[in-house]
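Student: Could we go through this model together, one question at a time, so that I can follow how each answer is reached?

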Amino acid sequence: MDPSVGVLLTLLRLARPVVVLFLITICVACGDTFRPVAIPIVPAPPSPAASHFVLVINGNGFGTIGNGTFNQGTSTRIDVSGDTNVGVAPLGLGPVHAALLPNSSQFYVANFLEDTVSSFAPTSIGPITTVSLPRTTVNITAVSGGGSNTSYTYTLAAGPDLQVGESIVITGITGLPNLGDNGTFTITAVVPPLFTVTNAGGVATSGQAGSGIVPSTPVFVHTTENGTVYVANYSYGTVAAISTANNVVSRMAPADPTHSTNIQNPVPQPVALAETPDGKKLYMVNLGNSSVTSINTADLSVNPIITNLNIIAPAWAVARADSARVYVLNSGSGTVSVIDTTADTVLNSVPAGPSVNCVGQPQACGFMLYDKTRTRLYVTNPASTKVVVLDASTDALNALASVDLTTAPNSVCVGGCFPVSIAVLPDGTRAYVASYQLGTDPVTGKTSISAGVTVFRTTANTITDTIALGSTDIDAANPTGCGPTVPPLTAPPMRFRLSAAASADGTRVYVSSCDLGNTSIIDTFPGTVNADSLGLQMPASASDFQPSTVNISAASPSGPNTTYNYNLISGSLSPLRVGMKMVITGMTDPANNGTFSITALGSGTFTVVNSGVAASGQNGTGIATTPQNPVFTLAGP
């Protein structure tokens, strides 16, 4: 036999027990359960910027400094994913406009009634930092009237001394007939300790403790930088640069370079700002003297003033994404002008709707939105029912469409309306136009306002949907600032009666309504049943206006609603309005008590959403509070 064969057989015999042992081991192991050890990997905490949010600025009384009817405003932060109010931050008096730093770390809000800017982080409701802007304050001890002029004895309390030509707001002169000594006047002479104004209604008095203020009146906040925020001061005629590192005013620039920044210049009336995305230049739009101020942001030096035959009552400006062009909306000529940011020259002006004389009343001016996705300009004009769409890819600014809001099925603009704001989805596919109509409430006979949104697709610029947002009587008892209904105004009220903004993810459009006191949330999801429909309406915080008290005598339920019969108690200033929060107590059946929002009004009745119980011969009490007035909506990242 071959020896190699014998060796192989021997190896096979030795291997048999090894194989058997291996198989036994497998069989025994089949009944065991092996659990691998998992080492968890802790992810980094989420960035606040990853949560989409919207900020709504709410006014709380926009009376003049002279009549003293104003209160601290608030901001409401809305979480987009949950459509929830996640925080309310206190602001200053008369908040009107806001900006968010590019890195989303801080909000800045202009408070025009107290000459301050509020700053806070979007991730919390505090702490709030207040930045003071230049203003002059004087104490007044005596008044001497004569003819068309009135002289006041004063001592300087803060800021630079008074100057001829400044506009001063005088308050605190008490007693009849001395109330004529209060008001807003132009200073015609200053010989300390006296200053003189043109005021034929002045009455001589002494021993007074009045005061005078020469305000800055901040109305617009803007930046494309993280280190500096710019504020347009309507009354002072300046722009203030705020350092975000320490929240102080670091520099000032005048709208008119021949005028000192230490002296108020009420002539230019700057109402809007546009900074180029590269952060090199800032453009200030001056409604009062029909000019545009070009400013170098490196040192806040002012370039030659930009004027043109078409730049009449300019009201808004936007910068193109490449920083090479700035577009100015001219309300006084009904045009849009193209400015070359290298030479600061006007290259072209094209029609964009009818002209509007809105000097001294910026709310009556138009609005312009730049869509960088499609390189377009969208222009709304309160004097027209049409939205003008311009192609901004060339300096020709060719008109792509004029979308007539009255032609929409179920139009919210039948018989005319006032389009005042527009939002475009981030992908540029749809535009949402916020407009309002004025009418007469058939039940109360009072002037009413109805708000709505018109949706059009930007591919063909055709209207696809309309969304009614509701209506209410205009509050004529309180100085809401929603419209030019509470004279005299020492400064323009808020800019937007309706303000629209699209969320960063494009799933929602938010429209805040000053008169309705709420923010409407529109679902934009394409291809769904609820696409472009009203999701919910979020009320603003309660205002500090005097509540209205009513006696309730009966309740009549109908499905999910209950209608109450009431009488307004003597002494209540404000009649009931839709949107008011009503707290009902004292009804015999507890189901009729509670806190509700008024959804409808009748002759001596109001209706709320509440499955109540029929009742008569009641003696309940209702206390109705007015919501604050949303004035501006800003979408976060």
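Student: Into how many nonpolar, polar and charged residues does the lining of the largest pocket divide?

Tutor: This is a predicted model, and the values are computed from it. The pocket in question holds about 1,600 Å³ of space, and 48 residues line it. Sorted by kind, the residues of this lining divide into 33 nonpolar, eleven polar and four charged.

Student: Which strand gives the most to the lining of the largest pocket?

Tutor: Several strands each supply at least two residues of this lining, among them β4 (95-100), β14, β18 (270-275) and β44 (629-635). Another of these is β26 (367-371). The residues closest to the centre of the pocket include Leu369 and Tyr370. With five residues, the strand that gives the most to the lining is β26.

Student: Which strands stand at the edges of the open sheet of four strands?

Tutor: The order of the strands in this sheet is β14-β15-β16-β17, and their pairing is antiparallel. Each edge strand has a single partner strand, so one side of it is left without a neighbour in the sheet. The strands at the edges are therefore β14 (218-222) and β17 (248-254).

Notes: Residues are numbered from 1 along each chain as its sequence is written. This is a predicted model: local features need pLDDT of at least 70, side-chain atom pairs count only at pLDDT 80 or more; totals for chains, interfaces and linings use all residues. Side-chain values use heavy atoms; hydrogens and water are left out. Two strands pair if DSSP finds at least two bridges between them. On a 1 Å grid over the protein atoms alone, a cavity is a set of points where a 1.4 Å probe fits but cannot get out, and a pocket is an open set with protein on both sides within 12 Å along at least five of seven lines; lining residues have an atom within 4 Å of a point. Grid points are joined across faces, edges and corners, and a volume is the space filled by probe spheres set on the points. Ala, Val, Leu, Ile, Met, Phe, Trp, Tyr, Cys and Pro count as nonpolar, Asp, Glu, Lys and Arg as charged, and the others, Gly among them, as polar.
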